[in-house]
Amino acid sequence: MDYKDTLLMPKTEFPMRGNLPKREPEIQAWWEENDIYRKVQERTKGRPLFILHDGPPYANGDLHMGHALNKTLKDMIVRYKSMAGFCAPYVPGWDTHGLPIEQALTNKGVNRKEMSIAEFREKCAEYAHEQIDNQRKEFKRLGVRGDWENPYITLKPEYEAEQIKVFGEMAKKGYIYKGKKPVYWSPSSESALAEAEIEYKDKRSPSIYVAFPVKDGKNVLDEGTYIVVWTTTPWTIPANLGIAVHPDLNYAVVKHNGHQYVVAEDLVENVASLLGWDHPETIKTVKGTDLEYIVAKHPLYNRDSLVILGEHVTVESGTGCVHTAPGHGEDDFHVGQKYKLGVLCPVDDKGYMTDEAPGFEGLFYDKANKPITEKLNEAGALLKLEFITHSYPHDWRTKKPVIFRATSQWFASIKDFRPELLEAIKEVKWVPKWGETRLFNMVRDRGDWCISRQRVWGVPIPVFYAENGEPIITDETIAHVSELFRKHGSNIWFEKEASELLPEGFTHPGSPNGIFTKETDIMDVWFDSGSSHQGVLVVRDDQRRPADLYLEGSDQYRGWFNSSLTTAVAVTGKAPYKGVLSHGFALDGEGHKMSKSLGNVVVPAKITSQFGAEILRLWVASVDYQSDVRISDAILKQVSEVYRKIRNTFRFLLGNLAGFDPKAHSVPTAKLREVDQFLLVRLNNLMKESLAAYEEFEFADIYHAVNNFCTIDLSAFYMDFAKDVLYIEAENHFERRAMQTVMYKCVVALSKLLSPILPHTTDEVWSYIPGVEEISVQLTDMPETEEIANSEALENKWNEFLHVRDDVLKALEEARNKKVIGKSLTAKVTLYVHDETKALLESISEDIKQLFIVSAFEVGGAYDDAPENALKLERAAVVVEKAEGETCARCWVVTPTVGDDGEYPDICPRCAGVVRQLK
């Protein structure tokens, strides 16, 4: 007789292979069809809100791994919170203004000069919307759940209107002002930049030492003495108006070759060595304060250079005498203001020298270094020229060097509310903790924020000018412009004259003839995204300020975290977020930064088409994302292996729930056998550990805990010996129903626990679980642990048994290698154990040979009485031999009882009983 048909083998249509690249889009289409996002919001309505506010990615280009890492982390948190007692709406956003879009259009052949500003801006908006549509598809392909049809976009009229209000409120408090001072200027972008738009890279620069002859020594220095300055920007020498010395330093007058030179006393040795002075003689030393107001002569032009005092002067490098060009340096500017030096900035918007630098007009500033150095040499003022490589600020978009350049700009005054900013930082929960120190130090040390940009694609600075040049920013004008933008969008600023943009009948004492002009600069894009707390959190019904969490890459301490904090504290006195979580950067498998030139770029779209989004998501859950993370095909293959184990576990559990009705067949926990209760204790532990990890956003802990539960608790133990019950016993056998009850609880709990990380797979699994009522696991809550009597004692007892079982498995493996046995079911195991282990084994009412997956088992005696052939291990000495008897043709157990039932001569009595029932 063929007994195969009498076995209850696993039955499920849940596929073994995930086939994720094909299956995921089908699941996503089902989500859309059923409007799962909306259903989740309806189900959780009325619960406390949890707001994770999306930092808007820039709407330009395909997604990179940083985007994928960021959005997946956000999605896992939002999905978890919506299953953990919160209503957690997720509103994705996009940042849409700024130079990259202007450049992209230029690269596509759009000629800005052939059209009006308003027409060019229309093209920018069209391009931004195309990019948003493309990125939205890619984000949705990653399985990110959100209000994709109603995102916030910084170019939307209603958003711009709120941004204008933020600007107006800051202006009202006196935090916005216009001033001429040096700012980071990018000749390649033809615009001012904020600190957040600067990155530092190595640059090779000329390093020159220049002698300025003293014209009026004020009875401290002899006329003709030279003051030595050092600079790495020879192109700024034409803008020199002074020389700064430190009031408290000692300065040496050094004689060499009949000339006298002034340098800081502490630097004499260095300078002498560098300039090749043999045996320099120090004639005298003077205090820095004594040098104040000495007049030197500019080495190239017939003008003075005043010696002034500055606390910024150091003796870390150079000469201790600092070349001062107020038009090209922040410290220079401030000290120049004090001494009324004026501001000279002979460089234009594109970086070319102007006629204020006679002899060098029309030269690009960097190209001017050489002719300026040659002129200094001709004038006998150049003491030394060499080249150094040093860290230098670059425009983070064009990757080209920037300069300091004094121009008229609009600023947000940080110093006026710096104490409030620093206080607000202390009230936020920072993860990692060092984030707090990082932002605190940035805010403590930063200057005022330059918020104006000399571009056209952005939100206009809503300022009017009277006939006398006075800027006009009033509650009335701000409210009026805000409403105009809300109705028409900010393009109206470029389509209408100032008089048409002002409230009807507006008058101002500075414009007796009623003539007004308007500002042409736009706002820094960081002001755009930094206003999202107002434009999104306050305005939308499903949001609130402050958000619970801002989550971005660690570069946003200088970016969005910073600008959002600045505008929010300026307007409300509070931070816009309760918590900030930052992640590292995605690197290649070797830990190198990804770059096209290196050919090591890993693209999310390629991963989803090759491996599937679930593998990318599982990778995100597996890494220590608070540091930089590595990704490569090899790493993804390892993650795929873990995914395969999880999927196979689901399949085994589902297969063995065939014919199980949880309402009719579940066994109450108190009536389960100890081994079943033990597995539920382990499941409880997994739930506790995973839920605690979700609360702390420690996804790697969940990844490892679930992997261990599937491979160790289920696959290597419970599911392994379960086959002898599930396949062999009659359908309604108590032990079989008990194990199905446990497996049902496992599959439901695992589906819920993994839903935030693997939403496609868990929804697929959910559709095969018997007796569930919700159409999607996303419409359920996280699993709850159940009370199990004496769980601690139970766990200790069975953990100890597993140690004994490990010894048995080692012995079986050795016996298999020595060809003593084949499969473990052909073995008989005899244990020699200490008293406590003997007591443990005697206390177990389950079939121990079944737990060991052998055909016969006995305790042969004490550990010390074990025979020679026993394998002595930690908990037991084990003898493995061939089991006596015949192999049952149905369950494969080897037993002398095969054939005891005359009707079924080739099977054991247990199987005969089951088969007879089936007849």
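These legends accompany close-up views of backbone geometry in a predicted model. Residues are numbered from 1 along each chain as its sequence is written, and side-chain values use heavy atoms, with hydrogens and water left out. Because the model is predicted, local features need pLDDT of at least 70 and side-chain atom pairs count only at pLDDT 80 or more, while totals for chains, interfaces and linings use all residues. Helices (H or I, at least four residues) and strands (E, at least two) are DSSP runs, numbered from the N terminus.

**View A. The cis peptide bond from V431 to P432.** Omega for this bond is near -5°, and P432 is placed in the loop that lies between strand 17 (429-431) and helix 11 (434-445). Most peptide bonds are trans.

**View B. The cis peptide bond from R545 to P546.** Here omega is near 0°, and P546 belongs to the loop between helix 16 (532-538) and strand 24 (547-553).

**View C. Positive phi at E190.** The phi value of E190, a residue other than glycine, is near 55°, and the residue sits in the loop between strand 4 (176-186) and strand 5 (191-193). With 32% relative accessibility, E190 counts as partly exposed, a class that falls between buried (under 20% relative accessible area) and exposed (over 50%), using a 1.4 Å probe and protein chains only. Most residues other than glycine have a negative phi.

**View D. Positive phi at N257.** N257, likewise a residue other than glycine, has phi near 50° and is found in the loop between strand 9 (250-256) and strand 10 (259-264). N257 counts as exposed because its relative accessibility is 67%.
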